[in-house]
Amino acid sequence: MSQAQPFEAALKAATERINLDLASNATRLLRLIGAVDLCPDGGLCTGHYATQAIRRYWLLWLPLLHSQQATGAPTASLLLPPLDVQFAWYVHRLNPRQYVADCKARFGGVVVHPANPLQALGFSARGPADPEGRGAATREAWEALYPSGPGQPPEHAFWPPAAPDPATAASGHAAVAPCAAAPAPADGAAAPAAAGSLERVQGYVLQAMARQGTFLHHVLRAPYTDPGFLASARTRYLRFLALILSAPPGSAYSVPMYDIDLMWHAHQAMSGVYGADCSALGVAGGLLGHDDALPETTLAADFGECRLRYESLTRLMYNVAPTRKVPHSVAHPLAAPLWPLAAALAGPRDPLLPPREVAAELACAAADLKRSERARSLAASRSGREARSPSLLPGRLSRALGCLGRAGGGHPHDLGDGDGDMPPSQRAHTARRRREAPKRPHMLGSLDHVGRCGVFALYALWRLGQARTDGRAGAAGTGGHSEGSPDKPGASGGALSRCFGGRAQEAPVTPEVETAARVLSDALLGLSGPHAWAPDLDSPLASSEHPFWQALFPLPSSLAAPPPAVPTQHRLPAPAPVMDLPAGFAPGAARDEETVYLAAHHYAEPRPVLYTPSDYCLLGPPFWCLKPTMAAANKPAQALPESTKPGAGTSGAPARPSGGSSSASSSASGDGTEGRGPDAAGLGALVHGPQWGAVVLEAYRRVHAALEARRGGGARGS
């Protein structure tokens with residue numbers, strides 16, 4: 001780093017120099033890593049598809065783009081790689097110094113940079129959601145250089161990426177025109193991989209892909225889809241850069257919060273612009289490094305100093321609640337109710353739970369939910385006031401969702417109700433699970449449990465919401481084929497109907513349950529197996545402009561406020577938290593924990609909170625998944641005091657809005673318009689209703705039968 005600058009001067013320089021639309025870049029980045037989380041057959045972060053993606057990126061895509069840019073081809077700025085290639089390229093750019101060194105060694109001193117944000121973070125494989133034809137143009141240029149078919153390397157197939165060859169799955173595919181490696185030393189010792197070689201790139205990128213696969217877990221939250229929040233994150237990122245530029249020699253590593261890190265990644269994705277900005281700001285060597293491989297101990301040791309410097313210079317809180325990490329043991333509130341369906345994206349050798357074990361898990365979770373609700377009612381009657389809902393609290397979140405919380409030991413609300421209606425086998429399973437809870441400290445549906453951040457559940461719910469809204473039955477609108485023939489329903493119906501409020505005797509699956517289960521299972525099965533990755537099935541894996549990504553991660557420009565005279569339906573039930581809080585608003589001890597107390601004007605919870613009602617509504621109206629009680633409590637907006645709005649003054653503690661707790665009642669609407677989505681009690685009532693367990697079990701039975709048929713029949717992915 002060059003000589004340290006005064007903080008204010010560094011902040012002014014960064015603000016004047018950096019003019020990228022980082023909020024839009026961040027949204028495109030969320031779409032990219034969201035699609036990675038949705039990839040089937042074991043995923044794109046490890047294994048065959050990850051290794052193949054690096055080869056396709058470094059040996060095929062980057063030479064193609066370099067050739068087009070070097071010759072001034074008019075299509076150079078239009079090229080858009082497929083998903084797997086884009087992810088490998090993006091991860092490589094997150095280590096800017098190594099990326100530059102590898103490119104210069106590979107291309108004779110030239111660094112290949114993306115021409116625009118869409119090329120930097122978008123992906124396309126010529127699907128129906130590719131209106132500009134970028135995927136088609138890329139496919140044409142790709143296939144002109146890399147013909148595919150019999151006798152050709154499997155990596156040459158543009159899309160979908162080639163499945164593992166059973167004969168070579170253990171060792172991988174044959175090399176495709178590999179880069180020349182440096183010769184081994186005369187003494188026979190292994191030489192380090194040469195800069196620009198496939199071995200060097202693959203050695204780093206493969207490890208980084210696994211790390212980046214978990215990043216989404218921490219930012220798959222409602223604030224990260226809010227334009228105001230993203231604008232605040234950009235401002236905080238500029239302050240973070242100024243913090244680094246003004247750091248004296250020997251200072252601790254500056255540890256970014258997740259909102260800042262998201263903006264940093266979005267900046268680095270435009271590698272050419274990032275390098276020019278770093279050089280103009282006086283960074284030594286022209287590039288500010290980014291090391292995501294630092295051990296947790298180093299980060300923890302440096303974080304305290306970084307936070308103190310930021311807060312002393314800005315007088316603003318650094319680790320505001322929504323910017324902290326979410327433990328991998330905690331499930332997203334919409335992934336928890338659908339956890340069994342993550343199996344649809346499993347690898348060909350991953351074990352599958354038998355449907356009866358899934359039924360037992362669901363029954364046990366339902367019993368825990370009843371027990372928790374009973375305890376809450378009891379506590380409310382004793383205190384003479386309404387008990388605080390635990391649905392937003394770590395450690396209790398899963399029980400409120402109908403799935404067992406495994407963080408922490410024991411179940412404090414063990415009153416015995418909810419177990420009595422269960423048959424002896426179910427009661428025994430419940431008792432065994434509770435005994436094992438300390439040994440299995442994750443929640444059902446969490447990253448630690450299913451290895452996914454939760455986009456599988458959001459996609460399945462979006463397809464279900466589409467089918468319900470359009471009045472379509474069966475697999476219509478699911479984007480996938482109906483395949484497999486699940487076992488006859490009803491084997492576990494008795495236990496489930498007892499636990500989810502139905503009749504005590506066994507009952508067949510109703511047509512409504514069967515229809516919803518078919519939509520859910522077909523949506524996820526359509527992403528894998530014989531129809532995996534295909535661009536002709538309107539798959540979200542085929543284009544970053546797919547309607548699902550537009551619904552889940554809308555570009556900030558698409559959420560511009562309408563004229564005041566136009567009634568508005570807001571996307572989320574509550575405004576995003578205000579980010580610029582005074583540094584002394586919460587005690588230091590509260591801000592050093594994994595989670596941070598939310599400010600009173602955020603959601604009025606005086607305790608650590610991970611998820612809020614808005615996180616149930618990530619799909620936007622009309623597909624909100626609020627619990628009926630949350631939907632009923634949702635009221636017209638109370639305007640925030642001017643002193644608490646983003647960009648307002650930060651002196652003094654923010655005031656609490658009038659009207660009581662806003663944890664389930666705030667709306668972003670300032671015109672008196674009711675904030676609820678038109679289907680807040682529709683999809684949400686189904687997901688949190690008495691039949692949901694039966695829906696999930698029936699969907700899982702279909703998924704299980706289809707996967708077993710594929711594996712037994714040697715189909716793709718077997």
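Start the tour by selecting Pro622, which is found in the loop between α22 (588-591) and α23 (628-633), where helices (H or I, at least four residues) and strands (E, at least two) are DSSP runs, numbered from the N terminus. A cis peptide bond joins this residue to Pro621, with omega about 10°. Before going on, note that this is a predicted model, in which local features need pLDDT of at least 70 and side-chain atom pairs count only at pLDDT 80 or more, while totals for chains, interfaces and linings use all residues. Residues are numbered from 1 along each chain as its sequence is written, and side-chain values use heavy atoms, with hydrogens and water left out.

Next, select Pro160, in the loop between α7 and α8 (198-212); the peptide bond that leads from Trp159 to Pro160 is also cis, with omega near 0°.

Now zoom out to the whole protein chain, which has 25 helices and 0 strands. Of its 718 residues, 56% count as buried, a term that means under 20% relative accessible area, with exposed meaning over 50% and partly exposed in between (1.4 Å probe, protein chains only). Among the contacts of the chain with a separation of 6 or more, 81% are between residues 24 or more positions apart, contact here meaning heavy atoms within 4.5 Å.

Select helix α2 (residues 22-37) together with helix α4 (residues 83-93), which pack at an angle of about 120° with their axes 10 Å apart; the axes are lines fitted to C-alpha atoms, for helices over the stretch in contact, and angles run from 0 to 180 degrees between N-to-C directions. Where do the two helices meet? On the α2 side, look for Leu29, Leu32, Ile33, Ala35 and Val36, and on the α4 side for Leu83, Gln86, Phe87 and Tyr90. By class, this contact of α2 with α4 has 8 nonpolar, 1 polar and no charged residues, where Ala, Val, Leu, Ile, Met, Phe, Trp, Tyr, Cys and Pro count as nonpolar, Asp, Glu, Lys and Arg as charged, and the others, Gly among them, as polar.

From there, move to Asp41, in the loop between α2 and α3, which has a positive phi of about 55° although it is not a glycine. Is Asp41 buried or exposed? Its relative accessibility is 11%, so Asp41 counts as buried.

Then select helix α7 (residues 134-145), whose end C-alpha atoms are 17 Å apart, which agrees with the 16 Å that its 12 residues should span at 1.5 Å a residue; the expected span is 1.5 Å times one less than the number of residues. Colour Arg134, Gly135, Thr138, Arg139, Ala141 and Trp142, which are buried in α7, and then show what covers the buried residues of this helix, including α3 (47-71), α4 and α6 (117-121).

A further stop is Asp277 in helix α12 (residues 271-280), which counts as buried because its relative accessibility is 3%. Leaving aside its neighbours within four places in sequence, Asp277 is in contact with Arg17, Ile18 and His267.

Finish in the loop between α13 and α14, where Arg315 has its place; phi of Arg315 is near 60°, a positive value in a residue other than glycine, and this residue is exposed, with a relative accessible area of 66%. Arg349 is found in the loop between α13 (296-314) and α14 (355-383) and counts as exposed at 71% relative accessibility. Select Arg711 as well: Arg349 and Arg711 are 362 residues apart in sequence and 8.8 Å apart in space, C-alpha to C-alpha.
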